[in-house]
Amino acid sequence: MENILSPSLLSADFGKAAQQLKQLEEAGVQYIHLDVMDGMFVPNISFGIPVIQSLRKDTHMVFDVHLMIVEPERYIEAFAKAGADIINFHVEATKNPQKVLSKIKQTGAKTGITIKPKTPVSEIVPYLKDVDMVLVMTVEPGFGGQKFMAEQMEKVEKLAQIRKEEKLSFDIEVDGGVDLKNVEGVLNAGANVIVAGSAVFGAEDIAKRAKEFLKILQEKLS
Ligand code: DX5
Ligand code: ZN
């Protein structure tokens, strides 16, 4: 399984977003993590469909969209049309996760299911055979730059174990407070898609910082 870096645009300088995406793409970054917040599911508002649509013209990177919105079933098609390649939604945000998954599948995008720090893995077990990705939050969703919750690695380990036992192949993504110091532990727990917001976009040279992450991600494989 490939290790992938997915820098979170939430911490970018939005006036320079297109330029910063180009820099990251040239540095070898494959994914960009796009945090959509509605001010209801989380106490913050970020950006939505038109911004994603506009960024789509600037890059070939994989759009790893993280929906932090209530009733995500309402907007799946719109996000797919805007250019989302992977659509992650919160199991806590909908009464019918199975319906959201089938909506995502209908669009041709990859399916991702996400859990907040207080949500146990058992909540998503029924859906694991239908997902391409599981996103484990290591901060309370809503803001970049928060402290990494190391105890969430238990959930990553459990998911990796279930994946092996059930012969499934979903990616495990970890999001929140990941930096150059704790990323190795995250990989060791079994995650292979690494979100990093402030740790990448807070750096003076974002391309250099991305390369530092990529080096660690590659070394773990060899
Ligand atoms: C938080 C978002 C994260 C956030 C990560 O709700 O889902 O993707 O941008 O930022 P850092 O890496 O700074 O914690
Ligand atoms: Zn996110």
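This is a predicted model: local features need pLDDT of at least 70, side-chain atom pairs count only at pLDDT 80 or more; totals for chains, interfaces and linings use all residues.
View 1. Helices (DSSP runs of H or I, at least four residues) and strands (runs of E, at least two) are numbered from the N terminus. Asparagine 88 counts as buried because its relative accessibility is 0%; buried means under 20% relative accessible area, exposed over 50%, and partly exposed in between, using a 1.4 Å probe and protein chains only. Leaving aside residues up to four places away in sequence, asparagine 88 touches a list that includes Asp64, His66, Thr114, Met133 and Glu173. Touching here means contact, with heavy atoms within 4.5 Å.

**View 2. Isoleucine 76 in helix α3.** The helix runs over residues 76–82. With 0% relative accessibility, isoleucine 76 counts as buried. Look around its side and you'll find Leu67, Ile87, Val100, Lys103, Ile104 and Thr107 in contact with isoleucine 76, again not counting residues up to four places away in sequence. Alanine 12 is another matter: 64 residues from isoleucine 76 along the chain, with 24 Å between the two C-alpha atoms.

**View 3. Ligand 1 and its shell.** Ligand 1 has 20 residues around it, the closest being Gly142, Asp175, Gly177, Gly197 and Ser198; a residue counts as near if one of its heavy atoms lies within 4 Å. Ligand 1 sits in the largest pocket. A pocket is an open set of points on a 1 Å grid over the protein atoms alone, where a 1.4 Å probe fits, with protein on both sides within 12 Å along at least five of seven lines, and sitting in it takes more than half of the molecule's atoms within 2 Å of its grid points. Elements giving two or more residues to the shell are β2 (31–37), β3 (62–68) and β8 (193–196). The largest share, 3 residues, comes from β2.

**View 4. Backbone atoms next to ligand 1.** A backbone N or O atom of glycine 142 is 2.7 Å from a ligand 1 oxygen. For glycine 177 the distance from a backbone N or O atom to an oxygen of ligand 1 is 2.7 Å, and for glycine 145 it is 2.8 Å.

**View 5. Glutamate 71 and its positive phi.** Glutamate 71 has a phi of about 45° although it isn't a glycine. Most residues other than glycine have a negative phi. Glutamate 71 is in the loop between β3 and α3 and is partly exposed, at 40% relative accessible area. Threonine 94 is 23 residues from glutamate 71 in sequence, yet their C-alpha atoms are 5.0 Å apart.

Notes. Residues are numbered from 1 along each chain as its sequence is written. Chains are lettered from A and ligands numbered from 1 in the order in which they are written. Side-chain values use heavy atoms; hydrogens and water are left out. A polar contact is a pair of N or O atoms within 3.5 Å; within protein, one must be able to donate a hydrogen and the other to accept it, and residues adjacent in sequence count only if both atoms are side-chain atoms. On a 1 Å grid over the protein atoms alone, a cavity is a set of points where a 1.4 Å probe fits but cannot get out, and a pocket is an open set with protein on both sides within 12 Å along at least five of seven lines; lining residues have an atom within 4 Å of a point.
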